[in-house]
Amino acid sequence: MAADMKFAKTHEWIRPEAGGLATVGISAYAVEALTDLVFMQLPAVGRKVKAGESIGEIESVKAVSDMYAPVSGEIVEVNTALPGQLETLGKDPYGAGWIVRIRPDDQAEMGTLLDQAAYDALVKS
Amino acid sequence: MSSTPLRTPLATWHETHGGRMVDFAGWWMPVQYASIVDEHLATRQAIGLFDVSHMGRLTVEGPASLAWLESLLTRRVANLAVGQARYTLVTSDEGPDGLTILDDALVTREADAPDGTPRLAMVVNASNRDRVVAWLRSQLPAVGVSFADRTAETAMIAVQGPLAVATVCVLCGDDDAGRISGLGTYRATRAVVAGQPAAVSRTGYTGEDGVEVVVAADAAEAVWQAIHDAGRPRGLKPCGLGARDTLRLEAGMPLYGHELVADSDPFAIGLGLAVNLDDAAARPRRFPGRDALAAMKRSPAPRVRVGLAFDSRRAAREGSPVVAVGLPVGTVTSGSLAPSLGHAVAMALVDRAVAAADTPLDVLIREAAQPAKVVPLPFFKRRAPRT
């Protein structure tokens with residue numbers, strides 16, 4: 001897992017990419033906790049979002065959960081293959097299971113998120 | 001509701017076997033162990049093992065017990081044969097229309113006491129147990145009926161699925177195995193299961209063949225483990241309340257608090273069979289709420305319970321509005337992915353005008369209209385039971 005990957009308390013991960021973009025997904029812990037995924041709704045490309053704003057929803061047999069933008073920015077790409085093969089989220093949550101690419105308004109905002117050790121501590125508590 | 005949930009005799013087993021525990025109706029219960037879908041499919045294909053000890057277990061004994069329940073329940077009780085179970089509603093005549101449905105329940109006439117005194121058992125919902133017990137106690141006659149809440153001193157294990165009965169039978173002696181495998185639906189017997197005295201009934205809440213086994217609380221873990229181990233090579237999975245809910249939904253079974261509520265019209269939600277207004281000789285019975293129920297039968301309610309099938313896997317949830325050409329026509333009472341079918345289903349109360357099979361309707365799921373169509377209940381029907 002990339003050392004520069006950061007996590008939101010709401011279980012999204014974000015990883016900086018070339019060209020000032022960042023990739024966002026949800027953590028293996030969150031996928032495991034949800035289980036039995038049945039549906040995912042992705043945001044529209046071009047949408048401007050604020051950190052903490054819902055960017056879509058993910059539904060399991062028992063519950064619907066929102067996915068939140070870990071940072072403010074513009075959605076520049078979505079993983080359109082994912083809703084049709086939600087098992088990818090369980091197999092490769094930090095790779096092929098990516099959800100959106102975002103152009104952060106402020107790269108420094110990622111610094112306010114949890115690093116891997118802090119996130120691991122959060123989900124183990 | 002108490003702040004600390006109650007523990008069934010199997011709670012520790014669930015915790016040590018990966019159960020994801022939640023507070024359900026005041027009880028600390030597993031919602032799932034691993035995957036709800038896998039547990040659901042194991043029940044349809046082989047065996048699901050469920051701890052249903054949170055359900056309320058009541059006993060009614062004494063020379064006047066049959067007559068007393070006959071005077072209180074919506075189903076005829078007086079003519080129950082020994083070993084026969086019936087689904088009934090528990091009603092009071094409180095409320096503005098003279099009817100409050102307190103619960104739905106299963107009432108079973110068990111073997112008479114050695115002196116010939118009738119004995120009955122009732123199973124009620126965990127969420128309604130306190131008020132049902134209080135109501136029944138308030139109606140007790142001075143003599144002739146002994147009423148007790150046995151929930152804490154017993155456990156109840158549901159073994160459901162096409163291989164369930166055969167699996168329980170390998171844990172019994174030949175005579176008991178023969179009686180259990182010979183039980184008709186809604187019939188019950190005493191038996192010794194895995195060395196423990198048990199009440200075994202051919203009942204369940206999954207739409208599958210199977211039994212429910214009541215044992216003493218201190219025998220629960222031994223019996224559970226024995227069934228688990230005997231069933232494991234045949235594909236048994238322990239199942240949580242999540243799979244119990246998806247299974248009963250596919251089977252089109254109502255759940256109190258969802259399809260069935262205190263002021264429901266039973267005739268509009270497919271529970272007319274749970275109401276015997278008259279006795280076997282066609283004379284009016286007397287029980288609380290009878291007049292209100294008779295009026296409901298005479299004047300059909302505007303909305304009826306239907307099944308809705310979706311193309312997508314996205315589930316409607318309780319409270320989702322049902323619309324036809326943009327106009328509200330009903331409300332979803334339960335909804336989920338149907339794991340056996342691969343698409344979402346829901347039960348809903350809708351206007352009679354749109355209740356016919358194949359009627360296209362929209363359901364608003366988080367404000368987005370999802371197309372659905374009315375389908376007959378149950379959504380899933382098992383293959384004919386093997387004989």
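Reply: Two residues are in contact if their C-beta atoms, placed from the backbone, lie within 7 Å. Keep that rule in mind throughout. This is a predicted model, in which local features need pLDDT of at least 70, side-chain atom pairs count only at pLDDT 80 or more, and totals for chains, interfaces and linings use all residues. Residues are numbered from 1 along each chain as its sequence is written, while chains are lettered from A and ligands numbered from 1 in the order in which they are written.

Me: Start with the domains. Into which domains is chain B divided?

Reply: Domain bounds come from an automatic or database domain assignment. Chain B has domain 1 (11-54 + 152-250), domain 2 (57-136) and domain 3 (302-378). The centres of domain 1 and domain 2 of chain B, taken over C-alpha atoms, are 23 Å apart.

Me: How many residues of domain 1 of chain B are in contact with domain 2 of chain B?

Reply: 15 residues of domain 1 of chain B touch 12 residues of domain 2 of chain B. Look next at the elements involved. Helices (H or I, at least four residues) and strands (E, at least two) are DSSP runs, numbered from the N terminus. On the domain 1 side, two or more residues each come from strands S9 (154-160), S10 (188-193) and S11 (196-201) of chain B. S10(B) gives the most to that side, with 3 residues.

Me: How do the residues on that side of domain 1 of chain B divide by class?

Reply: Ala, Val, Leu, Ile, Met, Phe, Trp, Tyr, Cys and Pro count as nonpolar, Asp, Glu, Lys and Arg as charged, and the others, Gly among them, as polar. The side of domain 1 of chain B that touches domain 2 of chain B has 7 nonpolar, 6 polar and 2 charged residues.

Me: Now the contact between the chains. How many residues does each chain give?

Reply: Chain A gives 7 residues and chain B gives 12 residues. The chain A side that touches chain B holds 3 nonpolar, 1 polar and 3 charged residues.

Me: How do I read burial along a helix? Which residues of H4 in chain B are buried?

Reply: A residue is buried if 20 or more other C-beta atoms lie within 10 Å of its own, exposed if 12 or fewer, and partly exposed in between, with C-beta atoms placed from the backbone. In helix H4 (residues 129-138) of chain B, the buried residues are B:Arg129, B:Val132 and B:Leu136. Viewed down the axis of H4(B), they fall within an arc of 70 degrees, so they line one face of the helix. That arc is taken from the directions from the helix axis to the C-beta atoms. The face of H4(B) turned away from the buried side carries exposed B:Ala134, B:Arg137 and B:Ser138. The buried residues of H4(B) pack against strands S4 (56-61), S5 (85-92), S6 (100-110), S7 (119-124) and S8 (146-149) of chain B.

Me: What about single residues? Is B:Ile269 buried or exposed?

Reply: B:Ile269 has 21 C-beta neighbours inside 10 Å and therefore counts as buried. B:Ile269 lies in the loop between helix H8 (241-250) and helix H9 (290-298) of chain B. Beyond neighbours within four places in sequence, its contacts are B:Pro254, B:Glu259, B:Leu260, B:Ser264 and B:Arg305. For contrast, take B:Thr12. B:Thr12 is in helix H1 (residues 11-16) of chain B. It has 12 C-beta neighbours inside 10 Å and so counts as exposed.

Me: On to strands. Which strand does S14 of chain B join, and through how many bridges?

Reply: Two strands pair if DSSP finds at least two bridges between them. Strand S14 (residues 303-310) of chain B runs antiparallel to S17(B), with 7 bridges. B:Ala309 stands opposite B:Val345 in S17(B). Strand S16 (residues 327-338) of chain B also pairs with S17(B), antiparallel, over 8 bridges. There B:Thr331 has B:Leu349 as its bridge partner. The hairpin of S16(B) and S17(B) has 4 residues between the strands, and B:Gly342 in it takes a positive phi near 85 degrees.

Me: How many residues of S17 in chain B are buried?

Reply: S17 (residues 343-351) of chain B is mostly covered, with 7 of its 9 residues buried.

Me: Which residues have the most contacts inside the largest nonpolar core?

Reply: A nonpolar core is a set of buried Ala, Val, Leu, Ile, Met, Phe, Trp, Tyr and Cys residues joined through C-beta atoms within 7 Å. The largest has 133 residues, and those with the most contacts inside it are B:Ile157, B:Val159, B:Val168, B:Val193, B:Val213, B:Val223 and B:Leu308. S17(B) gives the most to this core, with 7 residues.

Me: And chain A? What is the strand order of its open sheet?

Reply: The open sheet has 6 strands in the order S1-S2-S3-S9-S8-S5 (chain A), paired antiparallel. Strands S1 (6-7) and S5 (48-49) of chain A stand at the edges with a single partner strand each, so one side of each has no neighbour in the sheet. Strand S8 (residues 73-78) and strand S9 (residues 100-104) of chain A are joined by 5 bridges. A:Glu77 has A:Arg101 in S9(A) as its bridge partner.
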